[in-house]
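Colleague: I am new to this structure. Please take me through one part of it closely, once I can see the whole.

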Amino acid sequence: ISISAQPANGVKPETLLAAIERYVEGLSKPGFSGLTIKRIKARYATSYKRRASNPQELYRSLISWVASGRDYKHFNKVPALVEQTSKNDLEELAAALAGPGRIVSGILSPAVPGTPSVIGSEVVAGRQAGNEADRVKP
């Protein structure tokens with residue numbers, strides 16, 4: 001997590017630091033509010049619509065998608081997958097990521113029954129042991 005903030009006029013840096021600490025501590029608590037999930041989905045939908053309306057951005061996104069080893073046939077399915085992702089899916093992912101030293105890359109999508117949500121490896125002394133990166137299964 002990287003957080004950058006400047007205290008407003010009249011706010012002590014210690015007060016801002018305490019607020020940031022409370023925020024980060026709150027991230028570790030289980031569960032997501034419905035509002036948080038709606039906000040994540042809305043941000044993604046807005047971003048996707050913006051990219052889709054700009055041929056250069058859409059092309060860059062598709063090239064990035066294919067370059068990372070993903071099947072191009074699934075590129076246009078991502079918005080529907082994001083929309084179908086449930087609160088439970090995100091809570092399961094958050095629980096898997098709660099361990100120290102986790103690195104994850106992936107796509108936000110609904111869980112597939114009978115498959116692991118995260119295939120993991122641990123990071124040791126800043127270097128990864130095992131897999132190339134933890135991957136969230138689409």
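Modeller: Along the sequence, the protein chain runs α-α-α-α-α-β-β-β-β-β. That makes 5 helices and 5 strands. Keep in mind that this is a predicted model.

The protein chain has 138 residues, and 17% of them count as buried. Its accessible surface comes to about 10200 Å². Carbon and sulfur atoms hold 57% of that surface. Now take the contacts between residues at least 6 apart in sequence: 44% of them join residues at least 24 apart.

Helix H2 covers residues 34–52, which is 19 residues. Start with its length. At 1.5 Å a residue, H2 should span 27 Å.

Next, which residues of H2 are buried? They are Ile-37, Lys-41, Ser-47, Tyr-48 and Arg-51. These residues cover an arc of only 130° around the axis, so they sit on the same side of H2. An α-helix has 3.6 residues a turn, so residues three or four places apart point the same way.

Turn to the other side of H2. There, Leu-35, Lys-38, Arg-43, Thr-46 and Lys-49 are exposed.

What covers the buried residues of H2? The cover includes three helices: H3 (55–67), H4 (78–84) and H5 (87–97).

Trp-65 lies in helix H3, while Phe-75 lies in the loop between H3 and H4, so the pair ties together parts that are 10 residues apart in sequence.

Trp-65 has 10% relative accessibility, so Trp-65 counts as buried. Phe-75 is at 10% relative accessibility, so Phe-75 counts as buried.

Trp-65 has one further neighbour to look at. Arg-70 lies over the face of Trp-65, at 4.8 Å from the ring centre.

Helix H3 is part of what covers them. Helix H3 also holds Trp-65, which is paired with Phe-75 in the loop between H3 and H4.

Technical notes
Residues numbered from 1 in each chain as written. Predicted model: local features only at pLDDT ≥ 70, side-chain atom pairs only at ≥ 80, totals over all residues. Heavy atoms only, no water. Helix = DSSP H or I, 4+ residues; strand = E, 2+ residues; numbered from the N terminus. Buried < 20%, exposed > 50% of the residue type's maximum accessible area, 1.4 Å probe, protein only. Contact = heavy atoms within 4.5 Å. Areas by Shrake-Rupley, 256 points an atom, 1.4 Å probe, with all protein chains shown as cover. Expected span 1.5 Å × (residues − 1). Arc of directions from axis to C-beta. Lys NZ or Arg CZ within 6 Å of the ring centre and 35° of its normal.
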